[in-house]
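Have the model open beside you as you read.

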Amino acid sequence: MASQGLKRAFVRGFSILCVAATLAGPALADTATLKAPALPAGTVTDGAQPENLSAAQAAAFAYYKSGAYERGLSDVAGKATAWIRSEARKTKHPALVLDIDETSLSNWAELSANQFAYFPDAPCRSLPKGPCGWAAWVARAEAKPIAPTLALFRTAKANGVAVFFITGRSEALRAETERNLKAAGYVGYTQLYMKPDLSTFRSAADFKAPVRGRIESAGYTIIANMGDQASDLAGGHSLRSFLLPDPFYFIP
Ligand SMILES: [Mg+2]
């Protein structure tokens, strides 16, 4: 387990807009769609409110359970795999850059237990129920691989492509992260770049794009960069970018 100090120092990479979910009543996980009953005629209301959070949460669960999420992962990562196969031999010192969370590793056990709420420092003792604190979850190092990404990783390795991980996880979580990557099957990558402890960035792109620049400066050509957030990809330094689906949280 990370120390309390490290836990306090840790933020899930950057500020996350997550669905605040303290739900009463039956779990919404089993509710595909939420439909409110028809309002009485003449009901006075405000038309400017944003989407109801519970409806967004139910839609996210339905998206996962329907298999559409898995199909989306396979589609995008499959295209990245085909691209790697076609480009690797044309390029001197080719490289693949991968994000970790919801790109290489799935935190579904934590996300679903928390119904997409984010608890930085809570314990994680009662899975499959929540709460499951993020740092405690990472310390367990039991996130499963996202299978299409692991296939991409293995294709890259087989084609002589160096693989770099760039993650918003902080350096304080390096040991747990390396252990989880290894357990998930990601063996033989070239380097893992993590956010420096206590550093803050307006956007993940402000950390990640310069790291890709450093990889290029070391002589590599990044032929593909894959993540689950636009901020994983913004800022250039990749021949082609691949965005996996992730309706579960947002990282600026
Ligand atoms: Mg991610």
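Asp101 is buried (under 20% relative accessible area, with exposed over 50% and partly exposed in between, for a 1.4 Å probe and protein chains only), its own relative accessible area being 10%. This is a predicted model, in which local features need pLDDT of at least 70 and side-chain atom pairs count only at pLDDT 80 or more, while totals for chains, interfaces and linings use all residues. Residues are numbered from 1 along each chain as its sequence is written, and side-chain values use heavy atoms, leaving out hydrogens and water.

Now to the rings. The model has 16 aromatic pairs, meaning rings of Phe, Tyr and Trp (its six-membered ring) with centres within 6.5 Å; planes under 30 degrees apart count as stacked, over 60 as edge-to-face and the rest as tilted. Tyr64 and Trp108 are stacked, because their ring centres are 3.5 Å apart and their planes at 5°. Both belong to one aromatic cluster, which also includes Phe61 and Phe248.

| Residue | Relative accessible area | Class |
|---|---|---|
| Asp99 | 7% | buried |
| Tyr64 | 30% | partly exposed |
| Trp108 | 15% | buried |
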